[in-house]
Amino acid sequence: MGCVNTETPAAETLSVPTGRRLHPWPVRIVHWVNAVVMLIMITSGWGIYDDDVIIRGFHFSSFWRLGDWAAWSLNWHFAGMWFLVINGLIYLIYGFVTGRFREKLLPIRPAEVARTVIETLHFKIAHEDITVYNAVQKLLYIIVILAGISQVITGISIWKPVQFSGLVSLLGGFQTARVLHFAGMAVIVGFLVVHVALSLLVPRTLWAMIAGGPRVQARRRAKEGHAA
Amino acid sequence: MRSPFRPDRPPDAAILDDHKPLIRSLERRGLIRGGLSLGALVMLTGCDVRRPEAVESALLAISRLNDSVQALLFDPNKLAPTYPAAMILRPPKFNAYYDVMDVKPVNGATWRLEVSGLVADKRAWTLSDLQALPQTSIVIQHICVEGWSYIGGWTGVPLRLFLERVGADMRAKYVAFKTADNYPSSIDMASALHPQTLLALKYGDDTLADPFGYPMRLRTAVKLGYKNPKWVTAIEVTNKYPGGYWESRGFPWFAGI
């Protein structure tokens, strides 16, 4: 098979886009590691929550909890946190260094957000080109990235409220930090519901996160970079 | 098309007759009985299908690793926030591995505090011996691993001062506690020497009430609630990992906050 390249006509090589994949392999690996770790953190967090509920009368049944009682939910949570933080840091550094965040998530124009929301409410979801995110997608991805960062900050503050007492008082005290940690979970779970539902509605996007998706031409990437 | 796995000649019908008793023995009731004994076996070995042994030991290994990370994060000079006396919750919250109705009060007059391990002076202490030592008061937040918290005011002998008095080897790793309610506990030496770690004798300005550890309990601002044993009867300074009641059931040992 080594001679294939030399035999391929020049015209054909030109027609094949040579850019990088929509989701380069580092993004895909980080995405699926994060998917597993997030599920561990969320379900073990529900196990910890159930020991002393924040919303009176609101429990998670044992089906939804990771760890058969609080000690093991806690151990899952305190094991998962390292993977969440390290994987998340790799993602953030990659996103900033390669310009992926700027390219995919910016700019967001309020008018575009409003238009996309109205279109979505009329069940007109444009997805012909999965390489370009619409304004609502951009906004949701930014919100969930910020929620993830917030979870780490509120998590550290309820893990070590004495060592990081300054952070805790900035957040409004231990119990407030705890409620914020719970609220951050709710935001992430809300995102997950929409994210998973849409990926199942448009399975091409799901496949793209596994196989990498279509090649994004370098030319257009460069043009967009200039515009931003 | 004929399956390649099917034999060329069908088996002799007599084979079926030979195996009839075996087929009869595979009745449903037998299967249920078998399933039940398998379930019983699982319970006997303490093995939980939802908590496989390999996963459990991996989680415990990470928990031990976390203990050392927590020890590194611990700043011996960092003081926990303190609060005005007006914020003290009265009475404090009760929590134990049993109900408050099952508390067995300890007689302060006959109570003794045993001291053992890496100490120069192993003489037992009476309550008035402890009361005669310099006392410190702190108003601090109690944070339970479950998530609840309250502000309490505690007065007693700083554990550091007590360890100095008994000539403890301050380079030892652990300070271990035994209690009247069979709730063994232990903390690291650095946390034991923290200025907000007390052998508490009073809540607010009142003598400790029975449910909260009379005559003496540990109260440290740098650990979760379950690291604060009540009704302490013995203190040991040691280099051998002493564990604790909840720790032996899976909870992290260091539990610093």
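Let's begin with Ile93(A), which sits in helix 4 (residues 70-97) of chain A; helices (H or I, at least four residues) and strands (E, at least two) are DSSP runs, numbered from the N terminus. This is a predicted model, in which local features need pLDDT of at least 70, side-chain atom pairs count only at pLDDT 80 or more, and totals for chains, interfaces and linings use all residues. Residues are numbered from 1 along each chain as its sequence is written, while chains are lettered from A and ligands numbered from 1 in the order in which they are written. The model has an ipTM of 0.82 and a pTM of 0.83.

**Confidence**

- Chain A has an average pLDDT (the predictor's confidence in each residue, from 0 to 100) of 87, and 86% of its residues score at least 70.
- In chain A, the pLDDT is below 50 over residues 1-15, a stretch with one contact beyond near neighbours in sequence; two residues are in contact if their C-beta atoms, placed from the backbone, lie within 7 Å.
- Residues 219-228 of chain A also have a pLDDT below 50, and this stretch has nine contacts beyond near neighbours in sequence.
- For chain B the mean pLDDT is 89, with 81% of residues at 70 or more.

- Ile93(A) is exposed, as 10 other C-beta atoms lie within 10 Å; a residue is buried if 20 or more other C-beta atoms lie within 10 Å of its own, exposed if 12 or fewer, and partly exposed in between, with C-beta atoms placed from the backbone.
- From Ile93(A) to Ile158(A) the separation is 65 residues in sequence and 26 Å in space, C-alpha to C-alpha.

**Helix packing in chain A**

- Helix 3 and helix 4 of chain A pack with their axes 8 Å apart, at an angle of about 150 degrees; axes are lines fitted to C-alpha atoms, for helices over the stretch in contact, and angles run from 0 to 180 degrees between N-to-C directions.
- The crossing of helix 3 of chain A past helix 4 of chain A is left-handed, meaning that the near helix is turned anticlockwise from the far one by less than a right angle, whereas clockwise would be right-handed.
- Residues making this contact include Val30(A), Val37(A) and Met41(A) of helix 3 of chain A, and Leu74(A), Phe83(A) and Tyr91(A) of helix 4 of chain A.
- By class, the contact between helix 3 and helix 4 of chain A has 15 nonpolar, eight polar and no charged residues; Ala, Val, Leu, Ile, Met, Phe, Trp, Tyr, Cys and Pro count as nonpolar, Asp, Glu, Lys and Arg as charged, and the others, Gly among them, as polar.
- Helix 3 (residues 25-49) of chain A also meets helix 9 (residues 174-201) of chain A, where the axes come within 11 Å and cross at roughly 135 degrees.
- That angle makes helix 3 of chain A oblique to helix 9 of chain A, and the crossing is left-handed.
- Met38(A), Ile42(A), Gly45(A) and Tyr49(A) of helix 3 of chain A make this contact with Phe182(A), Met185(A), Ile188(A) and Val189(A) of helix 9 of chain A.
- The contact of helix 3 with helix 9 of chain A comprises seven nonpolar, one polar and no charged residues.

**Chain B and its interface with chain A**

- Chain B has seven helices and nine strands, and 34% of its 257 residues count as buried.
- Among contacts in chain B with a separation of 6 or more, 71% join residues 24 or more positions apart.
- At the interface, 26 residues of chain B are in contact with 19 residues of chain A.
- On the chain B side, helix 4 (53-73) and strand 2 (136-143) are the elements giving two or more residues, and helix 4 of chain B gives the largest share, five residues.
- That side of chain B divides into 13 nonpolar, six polar and seven charged residues.

**Backbone details in chain B**

- Arg90(B) and Pro91(B) are joined by a cis peptide bond with omega about -10 degrees, and Pro91(B) lies in the loop between helix 4 and strand 1 (114-117) of chain B.
- Another cis peptide bond, with omega about 10 degrees, joins Tyr214(B) and Pro215(B); Pro215(B) is in the loop between strand 7 (206-207) and strand 8 (217-220) of chain B.
- Trp231(B), not a glycine, has a positive phi of about 50 degrees and is buried, with 26 other C-beta atoms within 10 Å.

Note on methods
Angles under 35 degrees count as roughly parallel, over 145 as roughly antiparallel, 65 to 115 as roughly perpendicular and the rest as oblique.
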